[in-house]
Amino acid sequence: MKRDMSSISRRRFVASAGATLMAGVAAAAEGQGPALPSGPAGRPDPSLGSPDPLPLDRQLGFAVVGLGKLALGEIMDAFTAARRAKVTALVSGNRDKAMRVAARYGVPQTGIYDYENFDRIVDNPAVDVVYIVLPNALHRQFAERAFRAGKHVLCEKPMATNVADCEAMIAASRAAGRKLMVAYRSQFEPHNLLAMRTLRRGDLGAVRVITADIGRGTDPRDPADQWRLNRALAGSGSLFDIGIYALNAARFLVNEEPVEVRAQLYAPPNDPRFREVEDVVVWTMRFPGGALFHGSTSYSYSFTNSIQVTCDRGVMVFDPSMEYHAHRLRIRDRVIQMSEIDQFAREMDHFCMAITDNLPVVADGAEGMQDVKLMLAILEAGRTGRAVATDWGYRRSADPATSVPDNLGVA
Ligand code: NDP
C-alpha cells in the first residue's frame, strides 16, 4: 500500500521486495503448517490464477477518473498486466497532464474528459467501466454519473464518506442494471488468500485475537495528504484511509461480522494537521464466534503495517500486510513469501469476468457500505466512550477465499 502509502516510490518498493523475497525464502523454516505454494523455491508463477488473456478487441475498456498518486503510480501500469481490461479513457481536471498520460498509455484524445464534460462518456462505446480514483467524498457523484451513462463502476476504497452516499451508489447501480465493485485489492493478493484459506480449513484452530497496527506520517505540503486531512473530502482521518485495511482484513480473516465495537480517539492538540480529522484511533471489535480484534491506525506514526492472528494452535503474522509489492506472511515458524502479482490487474480482471459472465463480484456495494458503517460506529464509540452494537445482520455475498480463482499457486 505504498504508505497508502504514497510516500515512497514504486521503484523502491520493487527493490525492497526483491531483497526481502530472498531473505524470506532463505528463512523458510521447517514446521507444521499449510502446504507451501508450488513452483521453484516454493514460489508460484505470477501468471497463475489470472484469466486467459483476451484479444484487445474483446477486453473491456476502462475510464480512469482522477490522475493522482494511485492512478499514476499503480493503476495505469496495471493495465499492462491485466488480461481482460484495457484503458480507453481518462478523466482529469488537468488537461495537460491527461494528454501526457494518454500519449504514454495509448489512450486516444477523444477519450479525454474533464469533470464537467464527463457525462459525454455515455457516447463513448469504448468505455465499459468507470474506475473512480478520486478523493473519497467525490466517489458518489461520479458513480451516479457513470451509472447514468450506462457504465459499470469500480470504486476505490473507502466506498464513500457516509452511509447515505453508499446507499445512493447501490441504488444507482441497481437502477442502471450495471455492476458496482469496491476496490479491495488485498482480497486478490496471494498471501492474504493463503491466510484466509488456512484459517477456513482450521489448520491453526479457532481465531482468538487479531492485532493490527496500520499507520504512517502525513505531510500537509503533499496535495494527496491535503484532502486526506480535510474532513469534507476525506470523511475522517486515518481510519477511513488506512485503518480500513485492518478492519476489512479482520472481517475476511475471521469470516464473520463484528457485533460490537469500542474505541478511543486522539488528535494532538497543537498539531495543525488534526484540526478536522482524528489522528490515532485505537479500537476493539468482538466477533460472534468469540474472536476479538484490537488495533490502531494513525496519520502521525512511523510507518507500520502489520497484522497478527493468534489462534488456538498457532500464530500467523503479516508484516508487511498490505503493500503493493512486498508482502510477507509467517504461519507458525514458516515464512512464506510468494511471487508478487499485480493486485490491481487481478482486481480489474475479476471485475471484467464478473461483468461478461454475469457473476457476483467479490466486494460489492453492500460490502463497501459495511466497512463505512463499521468505521462510523468506531468513531461514534470513540466520541461517546460507549460500546456500539454493530450486529445489524450484514452477511457478505461472496467469500474471497472461495470466489477468487483457486489456482493462484496457494494452498
Ligand atoms: P491523490 O490526491 O493523489 O489523487 C486524487 C486525484 O483526484 C487528484 O490528483 C485529482 O486528479 C483528482 N481530484 C479531483 N478533485 C479533487 C479535489 N477536490 N482534491 C484533490 N484531488 C482531486 O489521491 P490518491 O490517488 O492517493 O487517492 C485517490 C483514491 O484512491 C482515494 O479514494 C484513496 O482512498 C484511494 N486509494 C486506494 C489505494 C489502494 O491501495 N486501493 C491506495 C491509495 C489511494 P486530476 O489532477 O487528474 O484532476
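This is a predicted model: local features need pLDDT of at least 70, side-chain atom pairs count only at pLDDT 80 or more; totals for chains, interfaces and linings use all residues.
Reader: How many helices and strands does the chain have?

Author: The chain has 12 helices and 15 strands. Helices (H or I, at least four residues) and strands (E, at least two) are DSSP runs, numbered from the N terminus.

Reader: And how much of the chain is buried?

Author: Buried residues make up 58% of the 411 residues. Buried means under 20% relative accessible area, exposed means over 50%, and partly exposed is in between (1.4 Å probe, protein chains only).

Reader: Now the ligand. Which residues come nearest?

Author: Of the 27 residues around the ligand, Lys 69, Ser 92, Lys 97, Tyr 115 and Arg 185 come nearest. A residue is near a molecule or strand if one of its heavy atoms lies within 4 Å of it.

Reader: Which side chains have polar atoms by the ligand's oxygen atoms?

Author: Tyr 115 has a polar side-chain atom 2.5 Å from an oxygen atom of the ligand. For Tyr 245 the distance from a polar side-chain atom to a ligand oxygen is 2.9 Å. In His 139, an N or O atom of the side chain is 3.1 Å from an oxygen atom of the ligand. A polar contact is a pair of N or O atoms within 3.5 Å; within protein, one must be able to donate a hydrogen and the other to accept it, and residues adjacent in sequence count only if both atoms are side-chain atoms.

Reader: How much of the ligand does the protein bury?

Author: The protein buries 85% of the 890 Å² that the ligand exposes when taken alone. Helix 2 (69–81) and helix 9 (238–254) are the elements that give two or more residues to the shell around the ligand.

Reader: How do the shell residues divide?

Author: Into 13 nonpolar, six polar and eight charged. Ala, Val, Leu, Ile, Met, Phe, Trp, Tyr, Cys and Pro count as nonpolar, Asp, Glu, Lys and Arg as charged, and the others, Gly among them, as polar.

Reader: Back to Ser 92. Where is it, and is it buried or exposed?

Author: Ser 92 sits in the loop between strand 2 (85–91) and helix 3 (95–105). Ser 92 is buried, with a relative accessible area of 4%.

Reader: What does Ser 92 touch?

Author: Leaving aside neighbours within four places in sequence, Ser 92 is in contact with Leu 67, Lys 97, Ala 98, Tyr 113, Asp 114 and Tyr 115. Contact means heavy atoms within 4.5 Å. The side chain of Ser 92 also reaches the backbone nitrogen of Asn 94, at 2.9 Å.

Reader: What is at the ends of helix 5?

Author: Asn 162 caps the N-terminal end, with a side-chain oxygen 3.2 Å from the backbone nitrogen of Ala 164. Just after helix 5, Gly 177 takes a positive phi of about 65°.

Reader: What do the buried residues of helix 5 pack against?

Author: Helix 4 (139–148), strand 5 (152–156), strand 6 (180–183) and helix 11 (365–384).

Reader: Which peptide bonds are cis?

Author: One is from Lys 157 to Pro 158, with omega near -15°; Pro 158 lies in the loop between strand 5 and helix 5. Another runs from Asp 319 to Pro 320, with omega near 0°.

Reader: And where is Pro 320?

Author: In the loop between strand 12 (314–318) and strand 13 (329–331).

Note on methods:
Residues are numbered from 1 along each chain as its sequence is written. Side-chain values use heavy atoms; hydrogens and water are left out. Accessible areas come from the Shrake-Rupley method with a 1.4 Å probe; for residues, only the protein chains shown count as cover.
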